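Visitor: I'd like to learn how to read a few features in a structure like this. Could you walk me through them?

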Amino acid sequence: MEIETHDILAALGHPHRLDLFRLLMRRYPDRVPAGELAASLGIKASTMSTYLAALQRVGLVTQERAGTSLLYSIDMANVRQV
């Protein structure tokens, strides 16, 4: 499935998703646990999960599992293409 630029911009159009993207950009190349992201932004874990999924769908964020934790980081290759 081809991801269109307008889909990426729509994903970043929500203020909290944009804040999340900015936080991950500041932390790049670190992989950050979802709980830490939620605490940093003052967002409930379930809401954070939804925001991260939206950014993953458009290819801006990657997810890795480390034991029982999910770690997130910017997919810089895709971000550079945008």
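Visitor: Is Arg27 buried, partly exposed or exposed, and what is its relative accessible area?

Guide: Keep in mind that this is a predicted model. Partly exposed covers the span between under 20% (buried) and over 50% (exposed). Arg27 has a relative accessible area of 27%, so it counts as partly exposed.

Visitor: Which residues are linked with Arg27 in a network of salt bridges?

Guide: Asp30 and Glu36 are linked with it. The Arg27 side chain meets that of Glu36 at 2.6 Å, N to O, and that of Asp30 at 4.0 Å.

Visitor: Which side chain meets Glu64 in a salt bridge?

Guide: That's Arg31, at 2.6 Å, N to O. Glu64 sits in strand S2 and Arg31 in the loop between H2 and S1, so to speak distant parts of the chain, 33 residues apart. By the salt-bridge rule, the count comes to three.

Visitor: And how do I read the sheet?

Guide: Strands of a sheet pair through backbone hydrogen bonds, either parallel or antiparallel. Here three strands form an open sheet in the order S1-S3-S2, with antiparallel pairing. S1 (32-33) and S2 (61-66) each have a single partner strand, so one side of each is left without a neighbour in the sheet. Val32 stands opposite Tyr72 in S3.

Visitor: Which helices lie across the strands?

Guide: Helix H2 (residues 15-27) lies across S1, S2 and S3, at about 85° to S3. Helix H4 (residues 45-57) lies across S2 and S3, at about 120° to S2.

Conventions. Residues are numbered from 1 along each chain as its sequence is written. This is a predicted model: local features need pLDDT of at least 70, side-chain atom pairs count only at pLDDT 80 or more; totals for chains, interfaces and linings use all residues. Side-chain values use heavy atoms; hydrogens and water are left out. Two strands pair if DSSP finds at least two bridges between them. Helices (H or I, at least four residues) and strands (E, at least two) are DSSP runs, numbered from the N terminus. Contact means heavy atoms within 4.5 Å. Axes are lines fitted to C-alpha atoms, for helices over the stretch in contact, and angles run from 0 to 180 degrees between N-to-C directions. Buried means under 20% relative accessible area, exposed over 50%, partly exposed in between (1.4 Å probe, protein chains only).
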